[in-house]
Amino acid sequence: MSKVILVTGPARSGKSEWAEALANQSSKKVVYVATALLSPNDKQWQQRIIQHRNRRPETWLTLEVPFDLSATLSDAKPDTVILVDSLGTWVANHLDKDDKSWLDIVEEFLEIVQLVAAEMIFVAEETGWGVVPAYPIGQTFRDRLGSLTRKLGVICQTAYLVTGGHVINLSVLGSRLPC
């Protein structure tokens, strides 16, 4: 397994399941980092969280980290695989930040990803392949997540695209963009 893996694709494509399968292939302890904020009034969201929980092996440690992802990663031990699901939710949790604060958060995150000795798998949604968001907050989300995914993709060792019931290894079939 590569040190840093990115699994990306559209909603409901199987990204999380592929990332979980990759984590299961490791002989290391798996730490699942859930970035979702629990929303008791949103029954559909609660159902998705339950589905994710039910798929995970009981031996995995689950940490709920909606905000301070960098601190959690910096505490990771070399004998673990960290599975972060998902970057889209993490970005959404920070939409109240101004652009400067957000850029500082991203810079710290990318630095830590490159320094941590643990293996890491990141799940990220692809946004921007379809409808242009009608509202400024949606446009901010799309732009921030797209930029973060691109920057992470450049530093990861392996990147997968999950879509249409298939997994494509972008690291084998594609070329990296210059930093």
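Student: In which strand is the place of Asp 85?
Tutor: This is a predicted model, where local features need pLDDT of at least 70, side-chain atom pairs count only at pLDDT 80 or more, and totals for chains, interfaces and linings use all residues. Residues are numbered from 1 along each chain as its sequence is written, and side-chain values use heavy atoms, without hydrogens and water. Helices (H or I, at least four residues) and strands (E, at least two) are DSSP runs numbered from the N terminus. On that numbering, Asp 85 lies in strand S4.

Student: Which side chain of opposite charge is nearest to Asp 85, and how far away is it?
Tutor: Asp 85 is buried, that is, under 20% relative accessible area, with exposed being over 50% and partly exposed in between (1.4 Å probe, protein chains only). Lys and Arg count as positive and Asp and Glu as negative, while His and the chain ends are not counted. A salt bridge needs a side-chain nitrogen of Lys or Arg within 4 Å of a carboxyl oxygen of Asp or Glu. Asp 85 has no salt bridge, and the nearest side chain of opposite charge is Arg 55, at 5.3 Å.

Student: What is omega for the bond that joins Asp 85 and Ser 86?
Tutor: Most peptide bonds are trans. Ser 86 is in the loop between S4 and H4. The bond joining Asp 85 and Ser 86 is cis, with omega about 10 degrees.

Student: What is the phi of Arg 12?
Tutor: Most residues other than glycine have a negative phi. Arg 12 sits in the loop between S1 and H1 and is exposed, with a relative accessible area of 56%. Although Arg 12 is not a glycine, its phi is positive, about 60 degrees.

Student: How wide an arc do the buried residues of H1 cover?
Tutor: In helix H1 (residues 15–24), Lys 15, Ser 16, Ala 19, Glu 20, Leu 22 and Ala 23 are buried. They are on the same side of H1 because their arc around the axis is only 160 degrees. The arc is taken from the directions from the helix axis to the C-beta atoms. The value asked for is 160 degrees.
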